[in-house]
Amino acid sequence: MIEVSDLAVAFGQGDARRQVVKSVSFAVAKGETLGIVGESGCGKSTVLRSLAGLDRHWEGSISLAGKPVSKDRSREQLLLAQMVFQDPFSSIHPRHRIERVLVEPIQAMKRGGGWDKVGSALEQVGLPSSFAERFPHELSGGQRQRVAIARALMLEPDILLLDEPTSALDVSVQAEVLNLLSDLKETKQLTYVLVSHDLAVIAHMCDRVLVMKDGTFVDQLDKQDLQTGATHHAYSKQLFEASYL
């Protein structure tokens, strides 16, 4: 579902140029959840933003659902993968009602009005359709993140890119959102790439994990490794010992 070859991302010019991602390659099978872990600033979110089409500084090659994508993506290419951001309050316009938040992707992609899909979109993430008339500040953090997930699904993508989707939420609602994501993955046959600092989240959600350090992948862990705490690199061992970065 995802094939990335020699992905490199740099920002700045001359002496200020900084290589954030350094020629990484990986693939994700259909229906798989791939996790990416590492300390802040190592390049995890930059990889996601490159996959989503939000960052155009990348070099290398990216294919989504078997289709090569370009830096300047067409609408059809943008439909393949959608992103859920870390903070649902900052990723949702505070002055727009929830219904407008949800129809915006459909209208931006010239796929109709989208108003008829709002009620079912809310219900599929466990919210009543009446929430369509509310503003973001009238919802809890967990409810706002459910809206963000519903918005990402409005365009019916095959791939969801999850950037710390529960780190801004209270511990009491993190499990609810993770269980929702797990259920949606099964019912809609989605493929996930999940970035997180929380190894408990990674172990719960992911089939396989790439460990990132200074812009490159230094280790790969499978489900059994996550359950037993087995690692193949000293840096991975440090992450497990810290439990949470």
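Guide: One begins with definitions: helices (H or I, at least four residues) and strands (E, at least two) are DSSP runs, numbered from the N terminus, and two strands pair if DSSP finds at least two bridges between them. The model is predicted: local features need pLDDT of at least 70, side-chain atom pairs count only at pLDDT 80 or more, and totals for chains, interfaces and linings use all residues. Residues are numbered from 1 along each chain as its sequence is written, and side-chain values use heavy atoms, with hydrogens and water left out.

Visitor: In what order do the 6 strands of the open sheet with mixed pairing stand?

Guide: Strands of a sheet pair through backbone hydrogen bonds, either parallel or antiparallel. Here the order is β6-β7-β8-β3-β9-β10. Strands β6 (81-84) and β10 (216-222) are at the edges with a single partner strand each, so one side of each lacks a neighbour in the sheet. Strands β9 (residues 208-213) and β10 run antiparallel and are joined by 6 bridges; within this pair, Val209 has Leu221 as its bridge partner.

Visitor: Which strands of this sheet does helix α1 touch?

Guide: Contact means heavy atoms within 4.5 Å. By that criterion, α1 (residues 44-52) packs on the sheet and touches β3 (33-37), β6, β7 (159-163), β8 (191-195) and β9.

Visitor: How is the open sheet of 4 strands arranged?

Guide: Its order is β2-β1-β4-β5, with antiparallel pairing. The edge strands, β2 (18-28) and β5 (67-69), each pair on one side only. Between β1 (residues 2-11) and β2 there are 7 bridges, and Leu7 has Val24 in β2 as its bridge partner. Helix α1 packs on this sheet as well, touching β1, β2 and β4 (58-64).

Visitor: Is Arg144 buried or exposed?

Guide: Buried means under 20% relative accessible area, exposed over 50%, and partly exposed in between (1.4 Å probe, protein chains only). Arg144, in helix α6 (residues 141-153), is buried yet has no salt bridge. A salt bridge is a side-chain nitrogen of Lys or Arg within 4 Å of a carboxyl oxygen of Asp or Glu. Lys and Arg count as positive and Asp and Glu as negative, while His and the chain ends are not counted; the nearest side chain of opposite charge to Arg144, Asp87, is 6.0 Å away. Not counting residues up to four places away in sequence, the contacts of Arg144 include Pro88, Phe89 and Ile92.

Visitor: Why does Lys117 count as partly exposed?

Guide: Lys117 is classed as partly exposed because its relative accessibility is 35%. Lys117 lies in the loop between α4 (98-108) and α5 (118-124).

Technical notes: Axes fitted to C-alpha atoms, helices over the stretch in contact; angles between N-to-C directions.
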